[in-house]
Amino acid sequence: MSSYKQYVAVTAEFTVSGELNPLWITWDDGRKFSIDRIVDCRRAASLKAGGVGLRFTCFMYGAEHYLFYEGDNLWFVELKTA
């Protein structure tokens, strides 16, 4: 099974100390998912889908997911192909 990048719209905020915090993910079809908690943020590569950037380890609806920020306001998640 392989993976690919799915670009998504993200609503995020910058804190007064300059940290970037994603708050919501919005899919192309309009579905919105709230990010409940961020447990880690580091510069990392997406080993499954390719690409590099800030990798946020997030919890959404009780499940852990990676959200990548490539810069220039480009965000993606890793999705698996069938």
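**Sheet, hairpins and salt bridges**

Tyr61 takes a positive phi near 55° in the hairpin of strand 5 and strand 6, a hairpin with two residues between the strands. Strands here, like helices, are DSSP runs numbered from the N terminus (E, at least two residues, for strands; H or I, at least four, for helices). The model is a predicted one: local features need pLDDT of at least 70, side-chain atom pairs count only at pLDDT 80 or more, and totals for chains, interfaces and linings use all residues. Residues are numbered from 1 along each chain as its sequence is written, and side-chain values use heavy atoms, with hydrogens and water left out.

Tyr61 sits in the loop between strand 5 (52–60) and strand 6 (63–71). Most residues other than glycine have a negative phi; Tyr61 is not a glycine, yet its phi is positive. Tyr61 is exposed, with a relative accessible area of 60%. Exposed means over 50% relative accessible area, buried under 20%, and partly exposed in between (1.4 Å probe, protein chains only).

The next hairpin is formed by strand 6 and strand 7, again with two residues between the strands, and there Asp72 takes a positive phi near 50°. Asn73, in the loop between strand 6 and strand 7 (74–80), also has a positive phi, near 60°, in a residue other than glycine. Asn73 counts as exposed, at 57% relative accessibility.

An open sheet of seven strands has the order 3-2-1-7-6-5-4, with antiparallel pairing. Two strands pair if DSSP finds at least two bridges between them. Strand 3 (32–34) and strand 4 (37–45) are the edge strands, each pairing on one side only. From one strand to the next, the twist averages 40°; axes are lines fitted to C-alpha atoms, for helices over the stretch in contact, and angles run from 0 to 180 degrees between N-to-C directions. In general, strands of a sheet pair through backbone hydrogen bonds.

The bridges can be followed from strand to strand. Seven bridges join strand 5 to strand 6, where Leu54 stands opposite Tyr69 in strand 6. Strand 6 and strand 7 run antiparallel and are joined by four bridges, with Phe68 opposite Phe76 in strand 7. Strand 7 also pairs with strand 1 (residues 3–14), in the antiparallel sense, over six bridges.

Which side chains carry the salt bridges? Three salt bridges are found in a search of the whole structure, a salt bridge being a side-chain nitrogen of Lys or Arg within 4 Å of a carboxyl oxygen of Asp or Glu. One of them joins Glu70 and Lys5, at 2.7 Å from N to O. This pair links distant parts of the chain, with Glu70 in strand 6 and Lys5 in strand 1, 65 residues apart. Glu70 is partly exposed, with a relative accessible area of 28%, and Lys5 is partly exposed at 25%.

Arg31 and Asp29 form another salt bridge, their closest N and O atoms being 2.9 Å apart. Arg31 is partly exposed at 45%, whereas Asp29 counts as exposed at 55%. The side chains of Asp40 and Arg42 also meet in a salt bridge, at 2.6 Å from N to O. Here Asp40 is partly exposed, with a relative accessible area of 22%, and Arg42 is partly exposed at 45%.
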